[in-house]
Amino acid sequence: MRFDATGKVSLDHIYTQPDPRSYFSVLRPLGYCVPQLAKPYFAKLIKEYRESQHVAVPKVLDIGCSYGINAALQKYDATMDELYARYCGADGDADALGDAETESVGGVETGAVTRAALLARDRELSRSRQPAHGIRFVGLDTSGSALSYALEAGFLDDAVHADLEAHEPTPRQRAQFAGTDLVISTGCLGYVTERTLMRVVRAQGDRLPWMAHFVLRMFPFDPVESALAGLGYRTIRVEGVFKQRRFASQQEQTLVLDRMSAAGVDAQGLEAEGWLYAQLYLSRPYGTSGTPSGGLAVREESTAPTI
């Protein structure tokens with residue numbers, strides 16, 4: 001079992017497959033659930049934006065979107081349990097798909113469902129739940145294969161394959177970012193830093209999209225909050241914590257707890273009990289009309305920036 005520089009187990013391989021089966025098969029035993037927990041918060045914020053800003057179809061940018069999970073949950077009201085059933089277990093085998101195309105190795109049918117068959121079923125999901133919720137989803141990720149699947153399946157409306165930690169967006173990518181109304185993420189901040197967020201915001205010209213980020217407690221949000229404040233944002237933290245997944249091993253838990261202890265973060269009763277936990281941060285431009293928290297219980301995290 002390999003670990004990355006943060007102490008977490010390296011799961012890079014599940015984000016680069018041609019379809020989501022490895023992603024869900026690996027994460028299911030770990031109880032990965034943060035997209036489901038995030039779903040009502042994102043839905044509430046999107047609704048508030050639509051009503052307060054008079055935008056019928058808000059454009060949402062999902063940073064670190066992988067296979068378009070958040071988009072599927074928001075646009076088509078899917079659930080994580082439903083997606084786990086679609087991509088692993090009995091619902092993801094050839095028999096469950098009836099006459100679906102299967103793979104052949106050396107002229108012998110393996111019984112494995114092809115990527116094309118999975119895509120056909122996922123496109124049927126998007127057609128069967130029309131009209132979809134009025135949201136336009138753009139995904140940003142460094143995995144071209146995950147983006148390609150999400151786009152072909154109809155979960156994403158547009159996809160940006162880029163590493164904004166290392167590179168400025170190209171003119172075409174800036175055009176794709178332009179007009180973003182909300183920026184969301186569920187777990188990528190900590191690997192993605194304020195550098196990516198600054199490049200996304202600067203592609204908007206004078207517009208400042210609303211933001212909602214679920215951030216693991218092991219990663220400090222202060223640098224992001226400070227950078228956003230310099231652009232004119234006010235950040236608040238929603239009360240409570242949100243389970244992300246179980247630790248993959250005792251070694252991973254030990255490494256993460258050591259990192260948290262060194263950073264002065266108390267893990268008792270939370271990560272010390274075997275789960276990774278996230279917190280939700282909402283960032284909106286100063287002077288935004290409406291309820292800053294979207295009606296959610298919040299804790300103030302910042303003061304007005306000096307402009």
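**Aromatic pairs and a helix contact in a predicted model**

Tyr149 sits buried, its relative accessible area being 0% (buried is under 20%, exposed over 50% and partly exposed in between, with a 1.4 Å probe and protein chains only). The structure is a predicted model, in which local features need pLDDT of at least 70 and side-chain atom pairs count only at pLDDT 80 or more, while totals for chains, interfaces and linings use all residues. Residues are numbered from 1 along each chain as its sequence is written, and side-chain values use heavy atoms, with hydrogens and water left out.

As for the chain overall, 10 helices and 11 strands turn up in the protein chain (DSSP runs numbered from the N terminus: H or I of at least four residues for helices, E of at least two for strands). Of its 307 residues, 51% are buried. Taking contacts (heavy atoms within 4.5 Å) between residues at least 6 apart in sequence, 76% join residues at least 24 apart.

Back to Tyr149: its ring and that of Tyr67 have centres 6.4 Å apart and planes at 75°, so this pair is edge-to-face. Here, rings of Phe, Tyr and Trp (its six-membered ring) pair if their centres lie within 6.5 Å, and planes under 30 degrees apart count as stacked, over 60 as edge-to-face and the rest as tilted. The two partners are 82 residues apart, with Tyr67 in the loop between β1 (59–63) and α3 (69–75) and Tyr149 in helix α6. Tyr67 is buried too, at 0% relative accessibility. Both tyrosines belong to one aromatic cluster, together with Tyr15, Tyr23, Phe24, Tyr32, Tyr84 and Tyr87. The whole structure holds 15 aromatic pairs.

Another edge-to-face pair brings together Tyr191 and Phe219, at 5.5 Å centre to centre and 70° between the planes. Tyr191 lies in the loop between β6 (182–186) and α8 (194–202), and Phe219, 28 residues apart from it, in the loop between β7 (210–216) and α9 (222–230). Tyr191 is partly exposed at 36% relative accessibility, whereas Phe219 is buried at 5%.

Helix α6 (residues 144–153) also packs on helix α5 (residues 115–128), at an angle of about 45° and with the axes 8 Å apart. Axes are lines fitted to C-alpha atoms, for helices over the stretch in contact, and angles run from 0 to 180 degrees between N-to-C directions. The two helices are therefore oblique to each other (under 35 degrees is roughly parallel, over 145 roughly antiparallel, 65 to 115 roughly perpendicular and the rest oblique). Tyr149 is one of the α6 residues in this contact, alongside Ser148, Glu152 and Ala153, and α5 brings Arg115, Leu118, Leu119, Asp122, Arg123 and Ser126.
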